[in-house]
Amino acid sequence: MSNTANKAPAYTPEQFEKLDGIIENYKSVKGALIGVLQKAQDVFGYLPMEVQVRIAEGLQIPIEQVYSTSTFYSQFFLTPKGKYKINVCIGTACYVKGAGDVLNEFGRQLGIASGECTEDMEFSLDGCRCIGACGLAPVLTINEDVHGKIYTEDVAGVLAQYLPAESQ
């Protein structure tokens, strides 16, 4: 698998139509920015600059406000994410038990670094702060699935659960 750190997926006119509808519905609602950003991310999968600019123009607010909100909250992504979002906890309890090595092993096997996405848009990889499951350290999530006590030798088996059968 190769990386697509800077390769953005193509946007469709339908996506921008949906975004325009979202903006129109919230245009007169005070404090609607976070809701608009959430819905825009649902449409595009992340918040590229073109989307942020369109939101700023549509809500008639400064682009700096849109960008600062997008970067302040960890729920928002400025880069594409894969179908399977791998988040390896690198909080203290996980890190001292080898989470850094686990993160690196996922990156090695996927051919990407933390913060990147595979070219096929199947996997994205990120290190994250404590997810509140310290008893399972080192722990990671793949979308909503929690995987605990995962070490470097377990990475291939974890990935195998998410790979299409024909690629195994």
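Because the model is predicted, local features need pLDDT of at least 70 and side-chain atom pairs count only at pLDDT 80 or more, while totals for chains, interfaces and linings use all residues. Residues are numbered from 1 along each chain as its sequence is written, and side-chain values use heavy atoms, with hydrogens and water left out.

Student: Which helices are included in what covers the buried residues of helix 3?
Tutor: Helices here are DSSP runs of H or I with at least four residues, and strands are runs of E with at least two, numbered from the N terminus. Helix 3 spans residues 49-59, and its buried residues (under 20% relative accessible area, where exposed is over 50% and partly exposed lies in between, with a 1.4 Å probe and protein chains only) are Val51, Gln52, Ile55, Ala56, Gly58 and Leu59. Judged by contact, meaning heavy atoms within 4.5 Å, their cover includes helix 1 (13-26), helix 2 (33-44) and helix 4 (63-72).

Student: How many residues apart are Arg54 and Asp20, which form a salt bridge?
Tutor: A salt bridge is a side-chain nitrogen of Lys or Arg within 4 Å of a carboxyl oxygen of Asp or Glu, and the closest N and O atoms of Arg54 and Asp20 are 2.8 Å apart. The pair links distant parts of the chain, with Arg54 in helix 3 and Asp20 in helix 1, 34 residues apart.

Student: Why are Glu105 and Arg108 separated by about one helical turn?
Tutor: These two residues form a salt bridge in which the closest N and O atoms are 2.7 Å apart; Glu105 is buried at 15% relative accessible area, whereas Arg108 is exposed at 57%. An α-helix has 3.6 residues a turn, so residues three or four places apart point the same way. The separation is about one turn because Glu105 and Arg108 lie three residues apart in helix 6 (residues 99-110).

Student: How many disulfides does a search of the whole structure find?
Tutor: A disulfide is a pair of cysteine sulfur atoms within 2.5 Å. The sulfur of Cys89, a residue buried at 3% relative accessibility, has its closest cysteine sulfur in Cys94 at 3.6 Å, which is too far for a bond. For Cys134, partly exposed at 42%, the closest cysteine sulfur is in Cys130 at 3.8 Å, again too far for a bond. The number of disulfides found in the whole structure is zero.

Student: Which strands are the edge strands of the open sheet?
Tutor: Two strands pair if DSSP finds at least two bridges between them, and five strands form the open sheet in the order 2-3-1-4-5 with mixed pairing. The strands that each pair on one side only, and are thus the edges, are strand 2 (116-117) and strand 5 (145-147).

Student: Which residue in strand 3 stands opposite Lys85?
Tutor: Strand 1 (residues 84-89) pairs with strand 3 (residues 123-128) in the parallel sense over six bridges. In strand 3, the residue opposite Lys85 is Ser124.
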